[in-house]
Amino acid sequence: MLGRPEYRRALVFCGLIGIPVALTAFWFLVAVQRLEQLIWTDLPRDLGWQQAPWWWGLPLLTVAGLVVGLVVGRLPGRGGHIPAGGLHSGGNAKEALPGVVIAALVGLPLGAVLGPEAPLIALGGGLALYFASMVRAPQTEASTALLGASGAAAAISALFGNPLMGAVLLMEVAGVGGPQLFAVMLPSLLASGVGDLVFTGFVRWTGFETGSLNIGLPTPPPLDWGDVLWLLVLAPAIALLVHLVFVGGRFTARFVVGRPVRNTILCAFGVAACVTLYALATGRSPAEAALSGEATLSDLARDPHAWSVGALVAVLAFKGLAYALSLGSLRGGPVFPALFLGGAAGVLLAPLPGLGLVPAMAIGMAASVTAALRLPVSGAVLVVLLLGNVDTVALVVLAAVGSFVVSQRLPQGPPIPAFGERRDERAGGREAPAP
């Protein structure tokens with residue numbers, strides 16, 4: 001294949017389009033983060049509050065629901081795919097890009113419990129196809145898929161700060177290899193995780209060394225049997241809870257499809273109510289229950305003792321419900337809220353006998369993000385990169401595999417409604433194609 005001139009030209013073109021796509025992704029992320037900081041931190045302080053008041057999310061999320069509802073109901077592409085359906089590989093038509101950008105730049109900073117990764121994938125894939133049309137590149141089904149995936153990978157790599165993460169994620173999202181990919185990859189991933197556990201155990205028990213790629217960085221206390229035993233209980237339980245959140249998101253999507261503007265506003269107000277109840281119940285900032293949770297996860301990992309048991313339970317309950325509503329009504333990605341919920345569950349469960357903070361967060365985050373994405377390799381790689389701790393790799397891998405198996409075996413809930421589908425009340429609530 002590398003010897004074919006057309007493939008070499010496609011390779012060069014994909015490398016070139018990575019430049020404008022990455023620059024666009026950079027400024028998009030800067031805009032989202034600066035707006036979040038301005039709206040939820042700087043503005044309340046400028047008005048005399050130490051943190052955002054308890055009612056802060058009510059007007060913001062109502063506006064977000066109105067704007068996103070209008071985008072979904074009026075603009076081409078409906079603002080991107082419904083987040084409850086997971087991630088898609090991108091390649092949106094250029095006509096859909098304005099709606100994707102508007103829905104993301106309004107909904108995410110105003111408090112949607114979603115991340116920027118899905119809009120970035122749509123933006124990267126759409127821009128790649130737009131640039132290809134500008135230079136009159138041949139438009140075949142294979143070239144469109146290749147360019148869309150390449151542009152999406154360039155954009156998503158800017159978010160995660162790692163090109164390997166972008167490539168692995170898009171490889172799974174695009175479904176290269178189809179069902180056979182998971183049929184081969186899942187047993188291999190499981191066997192590698194078990195092998196790493198056994199190998200690590202024998203090195204520790206016997207005291208013998210076989211050589212290592214470790215370059216001498218300090219390491220935390222080694223894993224023990226308590227971590228492994230708790231993994232067998234916690235990973236399926238967390239996967240079940242996150243799966244139920246996504247089933248709720250699918251029901252929310254079915255509710256929204258009939259009247260997108262009105263029902264999106266109602267769901268966004270429901271998100272605001274969850275955020276408000278969290279702030280009233282805990283006295284903490286409503287921003288912790290709103291937004292993607294990316295910044296709050298870093299604060300949680302750095303200072304877990306700043307969170308009481310009640311605050312952790314409350315954020316899991318209220319943010320989880322807000323996440324379900326956001327998944328079916330607003331626009332964004334499912335990755336970072338899932339990571340936060342898994343991390344918060346890990347901090348809550350860390351005091352269990354024989355567990356510990358780092359293993360608990362590793363198990364929680366891997367199980368949660370895999371149940372959300374249904375991408376076990378991407379989930380494991382992402383959590384390993386975030387933790388930066390090689391001693392927890394086996395736990396992360398096994399938690400991801402266990403979560404994937406459990407979530408795949410559970411009832412999936414109603415199908416995600418297609419664009420243009422509406423609810424025909426005269427037909428007893430059945431769906432019918434919109435005229």
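Predicted model: local features only at pLDDT ≥ 70, side-chain atom pairs only at ≥ 80, totals over all residues.
**Exercise 1. Examine the salt bridges.**
How many salt bridges does a search of the whole structure find? Which side chains meet in a salt bridge at 2.9 Å, and which at 2.5 Å?

*Solution.* 
Step 1. Count. The search of the whole structure finds 2 salt bridges.
Step 2. Take the one at 2.9 Å, N to O. Here the side chains of Glu288 and Arg284 meet. Glu288 is buried, and Arg284 is buried too.
Step 3. Take the one at 2.5 Å, N to O. Here the side chains of Asp299 and Arg302 meet.
Step 4. Locate this second pair. Asp299 and Arg302 are 3 residues apart in helix α10 (residues 294-302), so about one helical turn separates them.
Step 5. Check the accessibility. Asp299 has a relative accessible area of 38% and is partly exposed. Arg302 is exposed, at 62%.

**Exercise 2. Classify two aromatic pairs.**
Are the rings of Trp55 and Trp56 stacked, edge-to-face or tilted? Where in the chain do Trp307 and Phe340 lie?

*Solution.* 
Step 1. Know what to look for. Two values describe a pair of aromatic rings: the distance of the centres and the angle of the planes.
Step 2. Count. A search of the whole structure finds 6 aromatic pairs.
Step 3. Read the values for Trp55 and Trp56. Their ring centres are 5.6 Å apart and their planes stand at 50°. Planes under 30 degrees apart count as stacked and over 60 as edge-to-face, so this pair is tilted.
Step 4. Check the accessibility. Trp55 is partly exposed, with a relative accessible area of 33%. Trp56 is buried, at 7%.
Step 5. Turn to Trp307 and Phe340. Their ring centres are 6.4 Å apart and their planes stand at 55°, so this pair is tilted.
Step 6. Locate them. Trp307 lies in the loop between α10 and α11 (309-329), and Phe340 lies in helix α12 (residues 335-349). They are 33 residues apart, and the pair links distant parts of the chain.
Step 7. Check the accessibility again. Trp307 is buried, with a relative accessible area of 8%. Phe340 is buried as well, at 0%.
Step 8. Look for a cluster. Ring pairs link Trp49, Trp55 and Trp56 into one.

**Exercise 3. Find charges over rings.**
Over which ring does the charged end of Arg284 sit, and over which ring that of Lys319?

*Solution.* 
Step 1. Start with Arg284. Its charged end sits over the ring of Trp307, 4.1 Å from the ring centre. Arg284 also meets Glu288 in a salt bridge.
Step 2. Go on to Lys319. Its charged end sits over the ring of Phe340, 5.2 Å from the ring centre.

**Exercise 4. Describe the surroundings of Ala350.**
Where is Ala350, and which residues does Ala350 touch?

*Solution.* 
Step 1. Locate Ala350. Its place is in the loop between α12 and α13 (357-373).
Step 2. Check the accessibility. Ala350 counts as buried, at 13%.
Step 3. Relate Ala350 to Ala360. The two are 10 residues apart along the chain, and 5.4 Å separates their C-alpha atoms.
Step 4. List the contacts. Not counting residues up to four places away in sequence, Ala350 touches Leu355, Gly356, Leu357 and Ala360.

Definitions and conventions: Residues numbered from 1 in each chain as written. Heavy atoms only, no water. Salt bridge = Lys/Arg side-chain N within 4 Å of Asp/Glu carboxyl O. Buried < 20%, exposed > 50% of the residue type's maximum accessible area, 1.4 Å probe, protein only. Helix = DSSP H or I, 4+ residues; strand = E, 2+ residues; numbered from the N terminus. Phe/Tyr/Trp six-rings, centres within 6.5 Å; stacked < 30°, edge-to-face > 60°. Lys NZ or Arg CZ within 6 Å of the ring centre and 35° of its normal. Contact = heavy atoms within 4.5 Å.
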